[in-house]
Amino acid sequence: MSADKSSSWSYAEDLPAEDEVMLRARERSFELGVSAISPGVGAVLTVLAAASKAQTVVEIGTGAGVSGVCLLRGLGAHAVLTTIDVDVEHLRAAREAFAEAGSPANRTRTISGRAGDVLPRLTDGAYDLVFIDADKPGLPGYVEQAIRLLKRSGLLVINDALDKDKVANPAGREPNTVTLRQVGKAIRDDDRLASAMLPTGDGLLVAVKK
C-alpha cells in the first residue's frame with residue numbers, strides 16, 4: 001500500500017466519532033479477549049442497516065455487542081436483531097451494551113449456541129441482513145445458511161474478509177486465509193448474488209441476494 005493510500009485508509013478508519021456507549025462496549029471486548037470491529041466497519045454497518053431499511057437482521061458472532069450496537073443504530077424503531085454466540089459471557093456483555101444504547105429488550109434476541117446448530121432452525125427468506133463475524137472454518141456453511149435466510153434484495157456482510165491483507169497474496173496459505181479466499185471467489189461466482197469487496201477495516205465482503 002502506498003503512503004497516500006495508507007494515510008487515506010487510516011483517515012477513513014479514524015473518522016467516525018464514537019460515544020461513551022461504544023467505548024464501554026470496546027472496554028468489555030478487551031476484558032473478554034474479543035476482537036471488536038473497527039470504528040470504520042461499525043460506521044459502514046450502521047449505514048448499510050439504515051440504507052437497506054432492514055427490519056430483520058441476523059448477526060453470527062456477537063462478541064461484546066460493538067457490532068450489534070452499530071447495527072441497531074441504523075435500524076428502524078421496530079426492527080429486530082437476532083444475534084448468535086456460543087459464549088454466554090459475550091451475550092451478557094452484549095445485552096449490557098444494547099441496554100446502555102437505549103435499545104428496548106424486544107428489539108434484540110440473543111441466542112446461545114453454535115451457529116452451525118442455530119442457523120438451520122431460522123426461517124427461510126425471513127431476514128433483510130446477515131452479518132458474519134465468526135470462526136473462519138465455519139464460514140462456508142454460514143454463508144450458505146445466510147443465503148437461505150435472506151429475502152430477495154437482502155444483504156450479506158462478512159467481516160475480516162481480507163484477513164489483514166493476506167487474502168490478496170497468493171502465497172498466503174494459512175487455513176483461515178485459504179478459506180476466506182475460497183469464500184470470496186464462491187460469492188463472486190454465485191449467480192444468486194451481486195457482490196463487492198470493501199477495504200474497510202480488515203475487509204468487508206458485501207453481497208446482495210438477487
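Accessible areas here come from the Shrake-Rupley method with a 1.4 Å probe, and for residues only the protein chains shown count as cover. By that method the chain has an accessible surface of about 10400 Å², with 54% belonging to carbon and sulfur atoms. The structure is a predicted model, in which local features need pLDDT of at least 70 and side-chain atom pairs count only at pLDDT 80 or more, while totals for chains, interfaces and linings use all residues. Residues are numbered from 1 along each chain as its sequence is written, and side-chain values use heavy atoms, with hydrogens and water left out.

**Chain**
- The secondary structure comes to eight helices and seven strands (DSSP runs numbered from the N terminus: H or I of at least four residues, E of at least two).
- The radius of gyration, over C-alpha atoms, is 16 Å, close to the 17 Å of the globule rule for 210 residues, so the chain is as compact as a globular protein of that length (the rule is 2.2 Å times the number of residues to the power 0.38).
- The C-alpha trace spans about 45 × 40 × 30 Å along its principal axes.

**Burial**
- Of the 210 residues, 49% count as buried, meaning under 20% relative accessible area (1.4 Å probe, protein chains only).

**Contacts**
- Of the contacts (heavy atoms within 4.5 Å) between residues at least 6 apart in sequence, 69% join residues at least 24 apart.

Technical notes:
Buried < 20%, exposed > 50% of the residue type's maximum accessible area, 1.4 Å probe, protein only.
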